[in-house]
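Visitor: I am new to this structure and would like a close look at one part of it, the nonpolar core. Please take me through that part and the helices around it.

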Amino acid sequence: MMGRLNGMCKRITALALAAAMFLAGASVSVQAGAQKTGSRAQAAVRPEFPDMKLQEYPVDTMEAHSGVAIRSAASSSVSLSDSRWADDGNDYYFSKLTTKEKNLYLSLKQAADQYISGSANFQSTKVNRDGEQVKVYILPQTSYAGLTSAQMRRVVNCVLFENPQYYFLRNAIVYSEKSEMVSIGLYAAFANGSRRAAYTEKFEAQIEAWEAQYAQAGSQLQKEQAIHDLVCGAVTYNNNVELDDSDDAQMSQSCISAALFGRSTVCAGYAQLFTLLCGRTDIQCVTVTSAGHAWNKVRLGGAWYNVDCTWDDYEGGFTRAYLNVTDAQIQKKDTAGEHIVSPEWNGLAPSCTEAFSEAAAGIRSVTANITAPEKMEGITALSAQKGKIAVSFKPQNGSDGYTVQYASDRAMKQSQKKNIASVKCEITGLRTGKAYYVRVRAYKLDAVGGKVYGAYSDVLKVTVK
């Protein structure tokens, strides 16, 4: 009973202090207390989790445990624009992916979104674990054709650590190299659709209650500081995590363990909750991992900084020693090497090299990760065959596709459009001897399946043969 009272007092004190600090504009907070066992004090003894990498279950084909055919995720024109959950994550990793990788990312994200927005039961399959066939729950399978297995894993990692709102996703994949299909593992506790819907409601209510506590913070920096303090104050480190549990029944790798179920978690839970709260507050933030640790990188005033709520959290309070520090600073303090980013984040995780400046960080950053492509140039449109126009152009770096627009009037009032992935397009069914007008624009995909368009090229007039 005394332990629960002490924990409650800690949370009340920390939350009250956080509220007072961001309203007062304070930049430093330290509360004394014994260091957490299994946190920074034991980092040199063992990692917080035996392996932050994906649990992998290769199979020949995916077969349902119940005998019902495994469903596939929708792969055509993925759009999450109507989802109230899809924007709660981030798009920094997404913006670094190739077009094919983005399409896989969006298919997996759409499959997860259907489970958080609906009440369908999870589907399941069987995998071989240490020679035994065991039942696992999975997302609807998605094709990764055209990608290597390494690219597929890269995409899955980005989905997992950039979309903590899908709290039921596990750090595990089931995949078939034979059929080039992949699925992400799901926590069994949420397999029942009605039960999951109830947890989703509780989860959202808790997040909104926390958000109300720092809603009055003025700048992004003040909000980020308040979120850090709230996470450290509301969450406790789980010293009794079952490291050998392949199913992770304690859901320690999800922010759900930091939001509900006693709010006791390990580094991944801390980091994913911080990512979620920042994302919902329009602060760019991602989770990164090393071999046995997870923490955050956050963007303020155009610069990236490291944040480690786990290492800032103590039994008797919290500090800001690991809030908004550079890579060099955090690695100097970390003698165990827990903050050396794993190779799978090469080319993805941002570098934190700029020393923290409160003045600069307090300025709202409006830098978008996905920007509109430049105006298309060098378009060619010719009619060499009856009733046809052949359009071609040079590829624009960073674009995911192109829109070709054509009409019989220069103003394009009654135009038609074709979205294409290549740099060539043939327009057919045109009237011989008639003049048509053609123009092209490039687009980039965003993290909800929408398109960010660039400016159209100059209009070309072509008379059809």
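Guide: In this predicted model, the largest nonpolar core has 94 residues, and those touching the most other members are Phe168, Leu169, Phe190, Phe203 and Leu273. A nonpolar core here is a set of buried Ala, Val, Leu, Ile, Met, Phe, Trp, Tyr and Cys residues joined through side-chain atoms within 4.5 Å. Buried means under 20% relative accessible area, exposed over 50%, and partly exposed in between, with a 1.4 Å probe and protein chains only. Helix H3 (residues 99–117) gives the most to this core, eight residues. Helices (H or I, at least four residues) and strands (E, at least two) are DSSP runs numbered from the N terminus.

As this is a predicted model, local features need pLDDT of at least 70 and side-chain atom pairs count only at pLDDT 80 or more, while totals for chains, interfaces and linings use all residues. Residues are numbered from 1 along each chain as its sequence is written, and side-chain values use heavy atoms, with hydrogens and water left out.

Take Phe203. Not counting residues up to four places away in sequence, Phe203 touches Trp85, Gln165, Tyr167, Cys255, Ile256, Ala259, Leu260 and Leu276; contact means heavy atoms within 4.5 Å.

Phe203 also takes part in the contact of helix H5 with helix H8. The axes of H5 (residues 193–213) and H8 (residues 267–280) come within 11 Å and cross at roughly 65°. Axes are lines fitted to C-alpha atoms, for helices over the stretch in contact, and angles run from 0 to 180 degrees between N-to-C directions. H5 and H8 are therefore roughly perpendicular to each other; angles under 35 degrees count as roughly parallel, over 145 as roughly antiparallel, 65 to 115 as roughly perpendicular and the rest as oblique. On the H5 side the contact is made by Phe203, Ile207, Glu208, Trp210 and Glu211, and on the H8 side by Leu273, Leu276, Leu277 and Arg280. By class, six of these residues are nonpolar, none polar and three charged. Ala, Val, Leu, Ile, Met, Phe, Trp, Tyr, Cys and Pro count as nonpolar, Asp, Glu, Lys and Arg as charged, and the others, Gly among them, as polar.

Back to H3: its axis and that of helix H4 (residues 149–162) come within 9 Å and cross at roughly 45°, which makes H3 oblique to H4. Among the residues in this contact are Leu104 and Leu108 of H3 and Val155 and Val159 of H4. The contact divides into eight nonpolar, one polar and three charged residues.
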